[in-house]
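Q: I have a structure to go through before group meeting. Can we talk about its packing?
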Amino acid sequence: MGTHRRPRQRVTGGGRARTAATITLAGAATATGLGGTGHADPQPTAAQVRAKVDTLYQQAEVATERYNGAKEKAAAAEQRLEKLRDQAARKEDRLNSAREALGSVAAAQYRSGGLDPAVQLMLSAEPDRYLDGAAFVERAGSRQTAAVGRVRKELRDIERLRGAARVELTSLTSRRAELKRHRETVTGKLETARRLLSRLTAEERDRLGQGTGDRASRSSADDRQPLSAPSAHAPNSRAAAAVAYAYRKLGSPYVWGATGPSAFDCSGLTQAAYRAAGVSLPRTTYAQIDAGRRVARSELLPGDLVFFYSGISHVGIYVGKGQMIHAPNPSAPVRVAPVDQMPFAGAARVV
């Protein structure tokens, strides 16, 4: 007979006890390992916040310039689409006129009964009048051929225009999707920066506002120095006018995507300054740097555009003595700042 064995209750119970102990110890170890001494992670210092916010603002500015470029291309695509639609509408009007002419000829032939000309001549009470009419019918036949040709041409043109409009509509839809992506990137970066700044005291935020992206900026009173000094050294009257405009906008808020007259982003400010001087500039930093003649940093004159970062994502307008006026970021208004405060990427003289 087989031997019957009882379950080892103590072993099982011991296992449960060891498991419970293991969980307890693991929980304690986890609490110690994750929390260190059990305290929450330390708050970042003001310097750490400043560094992070600087990075976020720079990333937002890159996305802003991409947004500006996409917006410009979307506007151009929209204009082309509208032009194609106008052309198609005019072609359709001409098509309708050609169809009416063709219909008139067809109706006249139907009413004439299509009788053989010799029979019509014999039956006619006035042969001379009929002969004049026969010549008109021949001419009408040639006009019918021309009318058919016009209809066919208008139809081909309309189909071509509609095809081009479909291409532009696809491009416009793509640009609008791109705009949305860049808008979300910008707003996301700025919101993260706002949350970081909200952790600081009012005094720390004030200090950060004076330093973030513009650490060596001059005071507002100092910013408003006489216009004659920098303008006098501008290479021409249009450059001087652009510099004067930039001085008048000191203290204006930074708003991404804005081109004035009361708020600006960096390329919006330079575009508005030269627009006031009668010069048209492209919308984006990476297009503005190619809008004029490149100049070396040692050759800078008031009115020159100065660009920063490897991706050409920031621009200011040089005002002389190593200084520029620029729209830094949402934490600082339009202000005067040293050219050497950011990584210099190049300069352009547009007039």
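Q: Is tyrosine 67 buried or exposed?
A: Tyrosine 67 counts as buried, because its relative accessibility is 10%. Buried means under 20% relative accessible area, exposed over 50%, and partly exposed in between, with a 1.4 Å probe and protein chains only. This is a predicted model: local features need pLDDT of at least 70, side-chain atom pairs count only at pLDDT 80 or more, and totals for chains, interfaces and linings use all residues. Residues are numbered from 1 along each chain as its sequence is written, and side-chain values use heavy atoms, with hydrogens and water left out.

Q: How many aromatic pairs are there in the whole structure?
A: The search finds 3 aromatic pairs. Rings of Phe, Tyr and Trp (its six-membered ring) pair if their centres lie within 6.5 Å; planes under 30 degrees apart count as stacked, over 60 as edge-to-face and the rest as tilted.

Q: What kind of pair do tyrosine 67 and tryptophan 256 make?
A: Edge-to-face, because the planes are at 75°, with the ring centres 4.8 Å apart. Tyrosine 67 lies in helix α2 (residues 46-112) and tryptophan 256 in the loop between α8 and α9, so the pair ties together parts 189 residues apart in sequence. Helices (H or I, at least four residues) and strands (E, at least two) are DSSP runs, numbered from the N terminus. Tryptophan 256 is partly exposed, at 22% relative accessible area.

Q: And what about phenylalanine 308 and phenylalanine 344?
A: That pair is edge-to-face as well, at 6.1 Å centre to centre and 80° between the planes. Phenylalanine 308 is in strand β2 and phenylalanine 344 in strand β6 (residues 344-349), so the pair ties together parts 36 residues apart in sequence. Phenylalanine 308 is buried at 0% relative accessible area, while phenylalanine 344 is partly exposed at 26%.

Q: What lies over the face of phenylalanine 344?
A: Arginine 297, at 4.9 Å from the ring centre. The rule is that NZ of Lys or CZ of Arg is within 6 Å of the ring centre and within 35 degrees of the ring normal.

Q: Switching topic. How many residues are in the largest nonpolar core?
A: It has 32 residues, and those with the most contacts inside it are Tyr274, Leu305, Ile317 and Ile325. A nonpolar core is a set of buried Ala, Val, Leu, Ile, Met, Phe, Trp, Tyr and Cys residues joined through side-chain atoms within 4.5 Å.

Q: Which elements give two or more residues to this core?
A: They are α8 (237-248), α9 (266-276), β2 (305-308) and β3 (314-320). The largest share, 7 residues, comes from α8.

Q: What does isoleucine 317 touch?
A: Not counting residues up to four places away in sequence, its contacts include Ala242, Val243, Ala246, Tyr274, Leu305 and Ile325. Contact means heavy atoms within 4.5 Å.

Q: How many residues of α9 are buried?
A: 9 of its 11 residues are buried, so α9 is largely enclosed by the rest of the structure. Among them are Cys266, Leu269, Ala273 and Tyr274. Glycine 278 follows α9, and its phi is positive, near 85°.

Q: Last one, isoleucine 158. Where does it lie?
A: Isoleucine 158 lies in helix α4. This residue is buried, with a relative accessible area of 4%. Leaving aside neighbours within four places in sequence, isoleucine 158 is in contact with Ala88, Lys91, Glu92 and Leu95.
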